[in-house]
Amino acid sequence: LGHYALTASLLKQQQQQQRTKLPAFRVISVSSSANFGATKKDVQAAVDAPDLSLPSYSQWGSYCTSKAMNILFAAELQRRFDHFGVPASSVALHPGAVATDLARYLLGGADATSTQDALRQQKNILT
């Protein structure tokens, strides 16, 4: 829901500041290729849950479903931009495809200085 709340707030501010014509802009939702782990049934159960609780819970399953929801949000936002003639684009991205050093926190913890150091640490542990 955070993606929606932030975007709705920003769009409202944008509309108030630019009553005549909105300048082109882009909304980027960070998702993950983990969305492929969510099934249509998982997504439908999450949408239909009246209190946002699911009948069965797993950390990975919920993560996959939330990433699928991020992509659905980006697609629906683009559909609405197009329908209302808003000069904007809405896209979703997988952060692993972006050149960052984020993996060091997953592999080597907060003390790793780079992804390469983290990989070296992992290799030393395994050998």
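Contact, in this talk, means heavy atoms within 4.5 Å. With that settled, threonine 65 touches Ala38, Asp42, Val43 and Ala46, leaving out residues up to four places away in sequence. I will come back to that residue.

First, the ground rules. This is a predicted model, so to speak of local features we need pLDDT of at least 70, and side-chain atom pairs count only at pLDDT 80 or more, while totals for chains, interfaces and linings use all residues. Residues are numbered from 1 along each chain as its sequence is written, and side-chain values use heavy atoms, with hydrogens and water left out.

Now the overall layout. The chain has five helices and two strands; these are DSSP runs, H or I of at least four residues for helices and E of at least two for strands, numbered from the N terminus. In sequence order the pattern is α-β-α-α-β-α-α. Of the 127 residues, 25% count as buried. Buried means under 20% relative accessible area, exposed means over 50%, and partly exposed is in between, with a 1.4 Å probe and protein chains only. The accessible surface of the chain is about 9400 Å², and 59% of that belongs to carbon and sulfur atoms. Those areas come from the Shrake-Rupley method with a 1.4 Å probe, and for residues only the protein chains shown count as cover. Among contacts between residues at least 6 apart in sequence, 61% join residues at least 24 apart.

Next, helix α3, residues 59-84, where threonine 65 sits. Is threonine 65 buried or exposed? Threonine 65 counts as buried, because its relative accessibility is 6%. How does α2 pack against α3? Helix α2, residues 40-48, meets α3 at an angle of about 80 degrees, and the axes are 10 Å apart. The axes are lines fitted to C-alpha atoms, for helices over the stretch in contact, and the angles run from 0 to 180 degrees between N-to-C directions. That makes α2 roughly perpendicular to α3. The scale for that wording is under 35 degrees for roughly parallel, over 145 for roughly antiparallel, 65 to 115 for roughly perpendicular, and oblique for the rest. On the α2 side the contact uses Asp42, Val43, Ala46 and Val47, and on the α3 side Thr65, Ala68, Met69 and Leu72.

The loop between β1 and α2 holds glycine 37. Glycine 37 is partly exposed, at 47% relative accessible area. Apart from neighbours within four places in sequence, glycine 37 is in contact with Asp42 and Cys64.

On to the interior. A nonpolar core here is a set of buried Ala, Val, Leu, Ile, Met, Phe, Trp, Tyr and Cys residues joined through side-chain atoms within 4.5 Å. The largest one has seven residues: Leu11, Val27, Phe73, Leu77, Phe81, Val86 and Ala88. Helix α3 supplies the largest share of this core, three residues. Apart from it lies another core, of five residues, including Ala34, Ala38, Val43 and Cys64.

Phenylalanine 73 is in contact with His3, Tyr4, Thr7 and Ser29, leaving aside neighbours within four places in sequence. Of these, tyrosine 4 belongs to helix α1, residues 2-17. Tyrosine 4 counts as exposed, at 54% relative accessibility. The C-alpha atoms of tyrosine 4 and alanine 74 are separated by 9.5 Å, although the two are 70 residues apart along the chain.

Last, the aromatic rings. How many aromatic pairs does the whole structure contain? The search finds two. One is phenylalanine 25 with phenylalanine 81, edge-to-face, at 5.7 Å centre to centre and 80 degrees between the planes. Phenylalanine 25 lies in strand β1, residues 25-30, and phenylalanine 81 in helix α3, so the pair ties together parts 56 residues apart in sequence. Phenylalanine 25 is partly exposed at 21%, whereas phenylalanine 81 is buried at 3%. Tryptophan 60 and tyrosine 63 form a stacked pair, 5.5 Å centre to centre, with 25 degrees between the planes. For these labels, rings of Phe, Tyr and Trp (its six-membered ring) pair if their centres lie within 6.5 Å; planes under 30 degrees apart are stacked, over 60 edge-to-face, and the rest tilted. Tryptophan 60 is exposed at 57%, and tyrosine 63 is partly exposed at 34%.
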